Amino acid sequence: ENQITLIYDTMWEGTKLMAEKIAQGIKTQDKLVNIKLFNIAKTDKNDIITEIFKSKMLLIGSPTILNGISSSTAGLLEEIEGLKFKNKKAAAFGCYGWSGGSVKKINEWLKKAGFVIVNEGIDCNWAPDEKNQQACIEFGKTLNIS
């Protein structure tokens, strides 16, 4: 199936907004793609993992917390790592306040888990303003799942 799983964790809704704008960008390029959008903290991990199995691409977003990622994102990535996914693409995104780091951390986890990282990801300082929202849409347009 032509599916992308797009998951995020959020503190002040910034990463959620990024996820929605990335999804919007993907849809402009591929109307038929099935995008599954989940808040990591509010969705059963098993449901998310089931959708990752069905997907050609995984997009993960987390705010930067103490130079790292949220605990629910870390917990999910740890489970994913043990599943040894093959031939799946991935990219990371996230918001940060004072210092970034979540996107780099997520990319490191995804590489360890066997995903093909399609780009260095996208991050945004504080909540995405108009310019950053447009950047997220453009980022989504660049993601090719085939």
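**Aromatic pairs and other contacts in a predicted model**

Student: How many aromatic pairs does the structure hold?

Tutor: There are three aromatic pairs in the structure. Rings of Phe, Tyr and Trp (its six-membered ring) pair if their centres lie within 6.5 Å, and planes under 30 degrees apart count as stacked, over 60 as edge-to-face and the rest as tilted.

Student: What kind of pair do Phe53 and Phe85 form?

Tutor: Phe53 and Phe85 form a tilted pair, 4.6 Å centre to centre with 55° between the planes. This pair links distant parts of the chain, 32 residues apart: Phe53 is in helix H2, and Phe85 is in the loop between helix H3 (71–83) and E4. Helices (H or I, at least four residues) and strands (E, at least two) are DSSP runs, numbered from the N terminus.

Student: Phe85, buried or exposed?

Tutor: Phe85 counts as buried because its relative accessibility is 3%. Phe53, in contrast, is partly exposed, with a relative accessible area of 48%. Buried means under 20% relative accessible area, exposed over 50%, and partly exposed in between (1.4 Å probe, protein chains only).

Student: And why is the pair of Trp98 and Trp126 edge-to-face?

Tutor: The ring planes of Trp98 and Trp126 stand at 80°, with centres 5.1 Å apart, so the pair is edge-to-face. These two residues also link distant parts of the chain, 28 residues apart: Trp98 is in the loop between E4 and helix H4 (102–112), while Trp126 is in the loop between strand E6 (122–125) and H5. Trp98 is exposed, at 80% relative accessible area, whereas Trp126 is partly exposed at 47%.

Student: Which residues do ring pairs link into a cluster?

Tutor: Phe53, Phe85 and Phe115 are linked into a cluster by ring pairs.

Student: Before going on, how are residues numbered?

Tutor: Residues are numbered from 1 along each chain as its sequence is written, and side-chain values use heavy atoms, with hydrogens and water left out. In this predicted model, local features need pLDDT of at least 70 and side-chain atom pairs count only at pLDDT 80 or more, while totals for chains, interfaces and linings use all residues.

Student: Changing topic, how many salt bridges are there in the whole structure?

Tutor: A search of the whole structure gives five salt bridges. A salt bridge is a side-chain nitrogen of Lys or Arg within 4 Å of a carboxyl oxygen of Asp or Glu.

Student: How far apart are Glu51 and Lys54 in helix H2?

Tutor: They are three residues apart in helix H2 (residues 45–54), so about one helical turn separates Glu51 and Lys54. Their side chains meet in a salt bridge of 3.4 Å, N to O. Glu51 is buried, at 11% relative accessibility, whereas Lys54 is partly exposed at 42%.

Student: Which residue forms a salt bridge with Lys141?

Tutor: The partner of Lys141 is Glu138, with the closest N and O atoms 3.3 Å apart. Lys141 and Glu138 are also about one helical turn apart, because three residues separate them in helix H5 (residues 130–142). Elsewhere, salt bridges that share partners join Glu13, Lys16 and Glu20 into one network.

Student: Where does Lys112 lie?

Tutor: Lys112 lies over the face of Trp109, at 4.7 Å from the ring centre. A charge sits over a ring if NZ of Lys or CZ of Arg is within 6 Å of the ring centre and within 35 degrees of the ring normal.

Student: Now the largest pocket: what volume does it have?

Tutor: The largest pocket has a volume of about 350 Å³. Its lining has 18 residues, and the closest to its centre are Met11, Thr64, Tyr96, Gly97 and Trp126. On a 1 Å grid over the protein atoms alone, a pocket is an open set of points where a 1.4 Å probe fits, with protein on both sides within 12 Å along at least five of seven lines; lining residues have an atom within 4 Å of a point. Grid points are joined across faces, edges and corners, and a volume is the space filled by probe spheres set on the points.

Student: How do the residues of the lining divide?

Tutor: The lining of the largest pocket has 10 nonpolar residues, seven polar and one charged. Ala, Val, Leu, Ile, Met, Phe, Trp, Tyr, Cys and Pro count as nonpolar, Asp, Glu, Lys and Arg as charged, and the others, Gly among them, as polar. Helix H1 (14–29) and strand E4 (89–96) each supply at least two residues of this lining.
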